[in-house]
Amino acid sequence: YAGEDESDEDDRDTPTNLTQRDSAVLAVLHFPNLKRLTLTNIIPIRIDCPSLQECHIALGLSDADWDLRSLKEFLKRIPLLESLSFSFDDVISDEVEWDRVDEPVRLSCLRSLKLYAARGIEAAFLRDVLDLLDPSAITYLEVSLQDDSAHCMRDWILSIAVTKRFGDRIF
């Protein structure tokens, strides 16, 4: 981040790739008419876009410890979402320890989910992201997995098909 002073360096929120100050700015912005949003290497803690229908989230920093709880809170704030896509490239993250009562986000308008995973994405991370969502309303699923390792491909497929807490994932 060019131009940041030393105090910004200290409050950098690595899991969202934003400083606390930047997160606070996003939290007060209001985008009432925004229909489509693309986020690259950012997980907003809060952003107000109540009309959002389409969202693409691309994460590709291997040294970031992405905060999936913030991602879940963000998803809760976009109830009209119809299409969600994720791109993961070389993402490494710690497994999330969810509470048994921590239910997935139900997005009743969500019909389309697209997943793209490549190079070094851990199956546990992919599963943890999918465990954030209740997939019961999804009618279109697109999956693109790109890796040379057959072992990695098998783990990715299992992470899409089976939840950590509830068994088979039902689309």
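1. With that, Asn 41 sits in the loop between β3 and β4. Asn 41 is not a glycine, yet has a positive phi of about 60 degrees. Most residues other than glycine have a negative phi. Asn 41 counts as buried because its relative accessibility is 17%; the cut-offs are under 20% relative accessible area for buried, over 50% for exposed and partly exposed in between (1.4 Å probe, protein chains only).

2. Some housekeeping on the model. This is a predicted model, where local features need pLDDT of at least 70 and side-chain atom pairs count only at pLDDT 80 or more, while totals for chains, interfaces and linings use all residues. Residues are numbered from 1 along each chain as its sequence is written, and side-chain values use heavy atoms, with hydrogens and water left out.

3. On the overall layout, the protein chain has five helices and nine strands. Their order along the sequence is α-β-β-α-β-β-α-β-β-β-α-β-β-α. Of the 171 residues in the protein chain, 43% are buried. Taking contacts (heavy atoms within 4.5 Å) between residues at least 6 apart in sequence, 73% join residues at least 24 apart.

4. Now for α3, residues 68-76. Its buried residues are Leu 68, Ser 70, Leu 71, Lys 72, Phe 74 and Leu 75, and they pack against β3 (36-40), β4 (54-59), β5 (83-89), β6 (105-106), α4 and β8 (133-134).

5. Have a look at the start of α3 too. There, a side-chain oxygen of Asp 67 comes to within 3.1 Å of the backbone nitrogen of Arg 69. Asp 67 also makes a side-chain to side-chain polar contact of 2.7 Å with Ser 70. (A polar contact is a pair of N or O atoms within 3.5 Å; within protein, one must be able to donate a hydrogen and the other to accept it, and residues adjacent in sequence count only if both atoms are side-chain atoms.) Ser 70 belongs to α3 and counts as buried, at 7% relative accessibility.

6. How many of the residues of α4 are buried? Eight of its eight, so the helix is mostly covered. They pack against β4, α3, β5, β7 (112-118), β8 and α5. Among them are Arg 127 and Asp 128.

7. Leaving out residues up to four places away in sequence, Val 129 touches Leu 68, Leu 71, Phe 86 and Phe 88. Its C-alpha atom is 8.7 Å from that of Lys 72, which lies 57 residues away along the chain.

8. Last, the α4 and α5 pair. Helix α5 (residues 150-161) packs on α4 at about 15 degrees, with the axes 8 Å apart. Axes here are lines fitted to C-alpha atoms, for helices over the stretch in contact, and angles run from 0 to 180 degrees between N-to-C directions. The two are therefore roughly parallel, a label for angles under 35 degrees. The contact is made by Ala 123, Leu 126, Arg 127 and Leu 130 of α4 with Asp 155, Trp 156, Ser 159 and Ile 160 of α5. By class, that gives five nonpolar, one polar and two charged residues, where Ala, Val, Leu, Ile, Met, Phe, Trp, Tyr, Cys and Pro count as nonpolar, Asp, Glu, Lys and Arg as charged, and the others, Gly among them, as polar.

How values were computed. Helices (H or I, at least four residues) and strands (E, at least two) are DSSP runs, numbered from the N terminus. Angles under 35 degrees count as roughly parallel, over 145 as roughly antiparallel, 65 to 115 as roughly perpendicular and the rest as oblique.
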